[in-house]
Amino acid sequence: MFRLDWFRKDPSEKYRMGCGSSFDASDGPRTVVVFGSTGLLGGAIARRLLQEPFLYKVRCVTRRSSGEKARELAEHGAVIVNADLGETKSLEKALEGADIMFLTTHYWEEKNKEKEVIKGLNAIDAAIQCGVKHIIFNGSENVKKIIGKECSHLDSKSAIEEYIREVEITTNDIGNTTGINFTILRLPFWLENFYSVFKPHKLKHAVYAVALPLEGSELDVMSVEDVGEIVASILRRPRQYYGKTLNLSVESLSMENIVDTFNRHFDNRKFTDPKIRIKDMEKFQFPGSKDLAAMFEFYQSGQAVRDIKLTRKLNPHALTFDRWLSENRDKVEEALREAN
């Protein structure tokens, strides 16, 4: 069984010295280090914060600094830093002098839960060592604890969450502080999945199936692009969100809602609900099918509680599925052509 204490022990005894930042930084732009900045989530956050250079100095962490996405971020004012979540020294260099860290970890790159957890803990350790004041982390509930089935790409994030909570800011008897302020984001199903992992698949000419195993339940959704504004809102009033877990969603959709919306936006195609079940997805032969089946079983359980009112408070302009599909029709169209 996977256990967090295999990787770290007694975090409250660590980190008396920093490596360049200060808790009483002078007025001026705050330095935000964004991990995953060339991906969907980190990229959305980096692009949003780069719109306010008088408030934020954005430092984008990547292992591919010469890539097109990194170059685009640099052109908009980001500082591009080479670092690897598996290399502690490179993380400390990336975080030196930083005020805020946005952290997201990527299970699907190696499909290894233990490695993802270790990389996440490396980043937390480096942030504390460098005196970073605030971590915002893309976390998750513990799916295995809730439904009794492994869901590696979510359970890994739950383990990192647990560690972050263990090192939360505390003050000892003589007034010294240890740990770090944090805010956890728990995201719903990404609308961008509709032109990537869960793009509709072709059944026959001009007929496509939207294969989500909802089995009569509803699915919380939002565009990952809208998380950028949510992070900006948090950073405008960070103390209000210290120690908080924010469960995000823009709306909750049934399969009927999803299929009807596709059909409204693509009058040259027909979309259908194949009524796929959890047990069907578990039998699929692609890598990760059992993890994804467990994710949808968790969504069906009613334990994935999301707060639409809070989400809209943090980002009043967040897109509904209907508006998102209108604005991203070309991307979905391209994905459908690839499905032919």
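**Exercise 1. Determine in which helix R48 lies, and whether R48 is buried or exposed.**

Solution. R48 belongs to helix α1, which covers residues 40-49; helices here are DSSP runs of H or I with at least four residues, strands are runs of E with at least two, and both are numbered from the N terminus. The model is a predicted one, in which local features need pLDDT of at least 70 and side-chain atom pairs count only at pLDDT 80 or more, while totals for chains, interfaces and linings use all residues. Residues are numbered from 1 along each chain as its sequence is written, and side-chain values use heavy atoms, with hydrogens and water left out.

The next step is accessibility: R48 has a relative accessibility of 12% and therefore counts as buried, since buried means under 20% relative accessible area, exposed over 50%, and partly exposed in between, with a 1.4 Å probe and protein chains only. Finally, when neighbours within four places in sequence are set aside, R48 is in contact (heavy atoms within 4.5 Å) with G228, E229, A232 and R236.

**Exercise 2. Describe the largest nonpolar core and state which elements supply it.**

Solution. A nonpolar core is a set of buried Ala, Val, Leu, Ile, Met, Phe, Trp, Tyr and Cys residues joined through side-chain atoms within 4.5 Å. The largest one has 37 residues, and those with the most contacts inside it are F194, L212, I258, F262 and F296. At least two residues each come from α5 (143-147), β12, α9 (255-265), α10 (278-282), α11 (289-300), α13 (321-327) and α14 (329-339), and α11 gives the largest share, 7 residues.

Taking F194 next, its contacts beyond four places in sequence include L212, I258 and F262, as well as W324 and V332. A second, separate core has 32 residues, among them L41, I136, V224 and A318.
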